[in-house]
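Subject: Structure handover

Hello,

Here is the structure I promised to pass on. Please open it first, then read my notes below.

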Amino acid sequence: MSAQEKSMSVSDEMMIEMNGVHKWYGQFHVLKNINLTVKRGERIVICGPSGSGKSTLIRCINRLEEHQQGEIIVEGTELTGNLKHIEQIRREVGMVFQHFNLFPHLTVMENCTLAPIWVRHMPKQEAEELAMNYLRQVKIPEQAEKFPGQLSGGQQQRAAIARSLCMRPKVMLFDEPTSALDPEMIKEVLDIMIELARDGMTMICVTHEMGFAKTVANRVIFMDGGEIIEQNEPEEFFANPKNERTQLFLSQILQH
Amino acid sequence: MQQQYEAGRHPDLPPPLVERGAVKWVRDNFFSNATSIVLTAVAVYFLYKVVPPFVEWAFVDAVWDAHHRNECRAKGEGACWAVLRARIAQFTYGFYPAHLYWRVNTAFVLLFIALAPLLFEHVPGRRYLLWFSLAYPVLAFFLLWGGLGLEPVESAKFGGFLLTIVIGVTGIIGSLPLGILLALGRRSRLLIVHTISVAFIEFVRGVPLITLLFIASTLLNYFLPPGTYFDLLLRVLIMVTLFASAYLAEVIRGGLAGIPKGQFEAADSLGLGYWKSMRLVILPQALHISIPNIVNTFIGLYKDTTLVVIVGLADPLGISRATLADSKWQGLSTEIYIAIAVFFFVSCFAMSRYSLYLEKKLHTGH
Ligand SMILES: Nc1ncnc2c1ncn2[C@@H]1O[C@H](COP(=O)(O)OP(=O)(O)O)[C@@H](O)[C@H]1O
Ligand SMILES: [Mg+2]
């Protein structure tokens, strides 16, 4: 995608706002003063060394983790202890996990229709048509009646993406979606994500796939030690990293 | 010699032939090595010593038709099954009024109709039958105890296998939902819910069932306002249910602990909310893992129903006491206990088979 193409879908509408967010695991200060805004249509890639708090950051956005200081506002609703608000936000925020987390006791189709039926109260038939559309989009319509255990890793991850999309989320969060996959399956998942980006989906991806970052991201964020160290447009970020920790990190991952 | 092929040109070959058939099976299973040969010989000798005499006693020389024990002994050397024929009604219904047996029989037949849609997926008209299953407990209550124009029958008249089945089925049906709630409660982050669940589970598990039954039959009178009448069978039903639910809670807790964190997170991230994610995602998997242990608990409960004889309820063991005390049938304990054992074995074996069937059916290849 060209730079122009990338910026085209971005609107001024604020999707996610994190202001001065801190989080601790017991005594361990895992997120430090995170300030991040994501506009509708924007695509953000987060990278950084293992244990730097990337997962924790995006998991705070749908309250899989609770932050202790600062504010997180998703689509105008602030995340607090209010369960109603949390569930409302979770309906609009899709998440794709490193280990897929498909429901093993349900078929791929049932995985996809579960939330539309039980959360959105969609009639079963309509939910199945919707699911079939998304399964076609991720190119596994023929796997609909299988159980997750019968699919390859790449197929499972694509099924998981379809499951998320079935809720028609406004934002998609990806937590290292390809790092549990065998090399030959990474591309099939990334292709789906690129297509999703082209369709204008707001995305936050934790990933070390730098090619993917260059192709779709409006902004790349580098985290280390629970802080956002540096963020920039991908061209600038990869060509001229400012902080030395960023430089070190990039030199390490671009080596292989 | 294996034939050699050029690299990349190795054809698909059929697997090597292996021996099959009965001879091989027998050899593998009974005569594969010295130990196995010795064990086989010992087993055959044992069977030879035990089976023929038993068959002779239980079938060949058995007496089915007699009015009392001495007549049996006069007629043949073997088992005196005549005692069962004479007392079959008592063993089945206890002291339930004879002209109302049809109500028990109806309730029993309907029980299977109510269970069918719960136990099996491919039952014709399952959707409608499930409503019947839901209504069944109420229906069975009125059939067995009377009311609504049916002649009332006191609990004290219940006995024999009827009593076993009433306690067993009520206990099983009541303890499963309660056990699930307790297991969830134990994992709850709400301090009060957690504490109550833990206290309940630990108390009930730490006390023998007999003690609970005694509490049910005597101690409760001290707590209840004087003059309240609280049916003994009802109290026993409650105690048995509570007892089994505490065990089930722990079994199910084990199942819940086996569910990866990612499943909870995926359900949460879809916005399912606590109850829906438990019901649709977590519990189906947790219960699936726990099936063998759940059924094990049920079998234990079912057999423990024999303990109610201690608080004076006439389950099959209670009836057999009465029968053995009768001068006409004295000394026939072997026959009676074998019959009771067969009854329990059939019920428990059916449960165990069903659990295997369910495990197989739910296996989805992960
Ligand atoms: N539930 C938890 N309890 C305690 N420490 C945790 C927990 N989850 C993560 N951590 C720690 O927080 C840090 C950041 O974790 P994470 O956000 O998963 O990092 P990343 O995704 O960048 O690899 C790590 O040091 C990790 O060990
Ligand atoms: Mg991570």
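Start with Lys187(A). Lys187(A) is exposed, because its relative accessible area is 56% and the cut-off for exposed is over 50%. Please keep in mind throughout that this is a predicted model.

**A salt bridge along one helix**

Lys187(A) has a partner. Asp191(A) forms a salt bridge with Lys187(A), and their closest N and O atoms are 2.8 Å apart. Both residues sit in helix H7 of chain A, which covers residues 183–198. They are four residues apart, or about one turn of the helix. Asp191(A) is partly exposed, at 34% relative accessibility.

**A salt bridge across two helices**

Now turn to chain B. Arg186(B) and Glu250(B) form a salt bridge, with the closest N and O atoms 2.8 Å apart. Arg186(B) belongs to helix H7 of chain B, and Glu250(B) to helix H10 (residues 232–257) of chain B, so the pair ties together parts that are 64 residues apart in sequence. Both Arg186(B) and Glu250(B) are buried.

The pair also belongs to a network of salt bridges. Its members are Arg186(B), Glu202(B), Arg205(B), Glu250(B) and Arg253(B).

**Another pair in chain A**

Glu66(A) forms a salt bridge with Arg63(A). Here the closest N and O atoms are 3.8 Å apart. Is Arg63(A) buried or exposed? Arg63(A) is buried, since its relative accessible area is 12%. Glu66(A) counts as partly exposed, at 45% relative accessibility.

Over all chains, the structure holds 26 salt bridges.

**Where the chains meet**

How many residues of chain B are in contact with chain A? There are 22, and they touch 22 residues of chain A. The size of an interface is often given as the accessible area lost when the parts come together. Chain B and chain A bury about 2,000 Å² between them. Carbon and sulfur atoms account for 63% of that area.

What about polar pairing? Six residue pairs are in polar contact between chain B and chain A, counting pairs with both residues at pLDDT 80 or more. The rule finds one salt bridge across this interface. Arg59(A) and Glu265(B) make a salt bridge through their side chains, at 2.6 Å from N to O.

Two helices of chain B deserve a look here. Helix H11 (261–269) and helix H12 (274–304) each supply at least two residues of the side of chain B that touches chain A. H11(B) gives the most to that side, with eight residues.

Val60(B) is placed in helix H2 of chain B, which covers residues 34–60. Val60(B) is exposed, because its relative accessibility is 59%.

**A histidine in chain A**

His22(A) is in strand S1 (residues 14–25) of chain A. His22(A) counts as buried, because its relative accessible area is 15% and the cut-off for buried is under 20%.

Which residues does His22(A) touch, leaving out those up to four places away in sequence? They are His29(A), Leu31(A), Lys32(A), Asn33(A), His67(A), Gln68(A) and Gln69(A). Asn33(A) also has its backbone nitrogen 3.4 Å from a polar atom of the His22(A) side chain.

**Two positive phi angles**

Phe100(A) is not a glycine, yet it has a positive phi of about 65 degrees. Phe100(A) is in the loop between strand S6 (93–96) and helix H4 (108–118) of chain A. Phe100(A) is buried, with a relative accessible area of 11%.

Leu148(B) is not a glycine either, and has a positive phi of about 55 degrees. Leu148(B) is in the loop between helix H6 (126–145) and helix H7 (160–187) of chain B. Is Leu148(B) buried or exposed? Leu148(B) is exposed, with a relative accessible area of 71%.

Best wishes

Key:
Residues numbered from 1 in each chain as written. Chains lettered and ligands numbered in written order. Predicted model: local features only at pLDDT ≥ 70, side-chain atom pairs only at ≥ 80, totals over all residues. Heavy atoms only, no water. Buried < 20%, exposed > 50% of the residue type's maximum accessible area, 1.4 Å probe, protein only. Contact = heavy atoms within 4.5 Å. Buried area = accessible area lost by both parts, 1.4 Å probe. Salt bridge = Lys/Arg side-chain N within 4 Å of Asp/Glu carboxyl O. Polar contact = N/O pair within 3.5 Å; in protein donor to acceptor, adjacent residues only side chain to side chain.
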